[in-house]
Amino acid sequence: MATMESLIGLVNKIQRACTVLGDHGGQGMSLWEALPSVAVVGGQSSGKSSVLESIVGRDFLPRGSAAVRKEISDETDRITGKTKQISNIPIHLSIYSPNVVNLTLIDLPGLTKVAVEGQSDSIVEDIENMVRSYVEKVSFLTLASCYMIFDAKMYMTQSKPNCIILAITPANQDIATSDAIKLAREVDPSGERTFGVLTKLDLMDKGTNATEVLEGRAYRLQHPWVGIVNRSQADINKNVDMIVARRKEREYFETSPDYGHLASKMGSEYLAKLLSQHLELVIRQRIPSIISMINKTIDELNAELDRIGRPVAADGGAQLYMILELCRAFDRVFKEHLDGGRPGGDRIYGVFDHQLPAALKKLPFDRHLSLKNVQKVVTEADGYQPHLIAPEQGYRRLIDGSITYFKGPAEASVDAVHFVLKELVRKSIAETEELKRFPSLQNDIATAANEALERFREESRKTVVRLVEMESSYLTVDFFRKLHAAPEKKPEKNGNPPGPNNDHFHDTSLARIGSNVSAYIAMVSDTLKNTIPKAVVYCQVREAKRSLLTHFYAQVGRKEKERLSAMLDEDPQLMEKRTQIAKRLELYKAARDEIDAV
């Protein structure tokens with residue numbers, strides 16, 4: 001079994017590590033808040049600070065002229081100004097001495113009834129709420145030779161989840177009106193974590209004593225009451241040291257006719273021993289849960305470091321490898337968007353299935369192949385010599401003119417897919433967790449990817465325009481041969497024979513030309529509706545999946561170490577967050593090692 005000294009020494013080391021690494025609680029799961037401590041609570045001038053000094057065996061609180069006292073007072077003034085206000089910022093004071101009991105003690109602001117000059121009207125309620133929030137938690141806390149010290153201006157906002165209450169009450173005050181006992185009764189109704197301390201026993205009126213309280217008859221607590229005789233103001237003024245003060249306290253109880261029978265269980269030395277023994281028990285009870293909390297927190301902190309990334313290596317080769325790995329992580333996310341693992345890639349299919357067919361239907365073929373325009377084009381194509389049988393040149397001009405309209409929807413499809421790909425690049429960068437810590441590299445990847453997409457778009461645009469132009473360069477002759485082989489409508493009986501000057505025949509012929517061209521253009525439209533998506537996917541989507549960052553990889557490989565470091569320049573807030581996590585991880589690992597050693 002571990003001895004009391006080793007157990008308390010263990011908590012001392014852990015708590016000192018907490019102080020050094022800045023873990024003072026109040027920010028979620030905290031090792032500081034898992035350790036046991038003692039809060040000294042009482043009304044103003046109840047003797048709280050004197051009890052604290054008596055237990056510690058040193059006078060160090062802000063009274064008199066010692067250097068430590070002056071530093072506490074100066075620190076208080078730096079935070080609150082030279083006022084009588086209170087602050088939620090703690091002052092941490094460590095004292096090391098052979099005469100110091102292994103306890104962590106918290107001197108809370110004295111409970112008051114009225115505001116004095118320089119304090120706000122709400123000071124009474126403010127102090128009570130502060131003290132209450134600190135001591136109202138139900139489990140227990142730490143002891144060590146690290147002392148958190150406050151005067152009435154100072155207060156620790158971090159509500160400790162384990163706090164033993166040292167309730168200070170002056171003996172010359174009615175116990176029923178004690179501020180400390182009233183608060184302790186409210187926050188600890190069972191009395192399991194309340195130790196009652198009576199001060200100023202030597203200042204009671206003659207003929208009166210506090211035996212009923214000290215013997216537990218007036219107000220019973222689970223733990224015994226302890227009487228304390230602090231130094232008088234005259235002793236303090238004369239700089240009577242704590243060793244002499246303790247001797248005088250022992251003599252007072254041993255020679256007192258009222259308290260002589262209780263002398264062995266009275267005084268500051270006994271109180272310190274009582275608290276140490278109780279806290280040993282508390283520590284034994286808390287160690288299993290502390291170990292469990294430490295292991296869980298270490299796992300969580302390691303996971304968080306993995307999520308935000310470990311520190312960047314200083315070696316140029318390692319930096320290059322890291323950049324390439326980050327690019328591959330982005331590339332995986334980008335491909336997941338295209339392949340359906342993440343949303344967004346379906347918008348490309350929407351371009352082919354909805355946008356392109358709708359654009360093809362809106363092309364102005366009705367106007368281009370109207371009777372009037374057909375006549376105009378055919379006539380102009382014939383020139384000075386009208387056609388003899390079929391207006392082939394007129395056909396070709398009408399077909400070429402119609403096919404030109406397909407360039408618009410073809411290029412629009414290229415642009416639409418380009419914008420979808422650009423948006424997927426943006427989303428993929430934002431969704432790549434590993435990249436979030438490197439804003440400069442994010443910008444570099446975005447620039448390189450968008451430049452590649454521009455190259456792919458230009459190649460795709462050239463390809464779809466070629467597809468359209470190929471339809472003009474070589475017509476499908478079989479289509480017109482089949483039309484020529486179809487039976488023509490015969491002229492009506494007794495009607496005039498067909499001739500070039502017959503308007504009705506001429507209009508019918510023009511309408512037939514327009515109808516034939518329209519049918520041919522419909523066939524071309526169906527062909528392009530299938531081939532344009534193939535070209536766009538081949539030139540843009542396929543290339544984006546295969547070689548989006550190929551040029552970037554080649555450029556990065558030629559960069560100097562300084563430029564690589566600049567690319568891996570991190571967000572300062574993220575760097576600070578990693579530093580804080582690493583500090584907490586160091587703290588918890590050190591605490592685990594200390595516990596294992598015990």
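Is aspartate 339 buried or exposed? Aspartate 339 is exposed, because its relative accessible area is 52%, where exposed means over 50%, buried under 20% and partly exposed in between, using a 1.4 Å probe and protein chains only. Before going on, please note that this is a predicted model, in which local features need pLDDT of at least 70, side-chain atom pairs count only at pLDDT 80 or more, and totals for chains, interfaces and linings use all residues. Residues are numbered from 1 along each chain as its sequence is written, and side-chain values use heavy atoms, with hydrogens and water left out.

Let us stay with aspartate 339 and look at its partner. Aspartate 339 forms a salt bridge with lysine 545, with 2.8 Å between the closest N and O atoms; a salt bridge here is a side-chain nitrogen of Lys or Arg within 4 Å of a carboxyl oxygen of Asp or Glu. This pair links distant parts of the chain, 206 residues apart: aspartate 339 belongs to helix H11 (residues 316–339) and lysine 545 to helix H19 (residues 503–547). Helices (H or I, at least four residues) and strands (E, at least two) are DSSP runs, numbered from the N terminus. Lysine 545 is partly exposed, with a relative accessible area of 29%.

The whole structure holds 26 salt bridges. In one of them, arginine 457 meets glutamate 454 at 3.0 Å, N to O. Both residues lie in helix H17 (residues 439–473), three residues apart, which is about one turn of the helix. An α-helix has 3.6 residues a turn, so residues three or four places apart point the same way. Another salt bridge joins the side chains of glutamate 433 and lysine 436, again with a value of 3.0 Å from N to O. Glutamate 433 is partly exposed at 35% relative accessibility, and lysine 436 is partly exposed at 43%.

With a relative accessible area of 3%, leucine 548 is buried. Which residues does leucine 548 touch, not counting residues up to four places away in sequence? Among them are Phe330, Phe334, Val425, Ala448, Phe456 and Glu543, where contact means heavy atoms within 4.5 Å. Valine 425 is 123 residues from leucine 548 along the chain, yet their C-alpha atoms are separated by 9.8 Å.

Now turn to helix H10 (residues 268–308). A straight helix of 41 residues would span 60 Å at 1.5 Å a residue, but H10 spans only 51 Å between its end C-alpha atoms; the expected span is 1.5 Å times one less than the number of residues. H10 has a kink of about 40° at arginine 286, shortly before proline 288. That bend is the angle between axes fitted to the seven residues ending there and the seven starting there. After H10 comes glycine 309, with a positive phi near 100°.

Finally, visit strand S1 (residues 37–42), where six of the six residues are buried. In a regular strand the side chains alternate between the two faces of the sheet. Ser37, Ala39 and Val41 point one way from S1, while Val38, Val40 and Gly42 point the other way. S1 runs parallel to strand S5 (residues 163–170), and six bridges join them; two strands pair if DSSP finds at least two bridges between them. The bridge partner of valine 38 in S5 is isoleucine 164.
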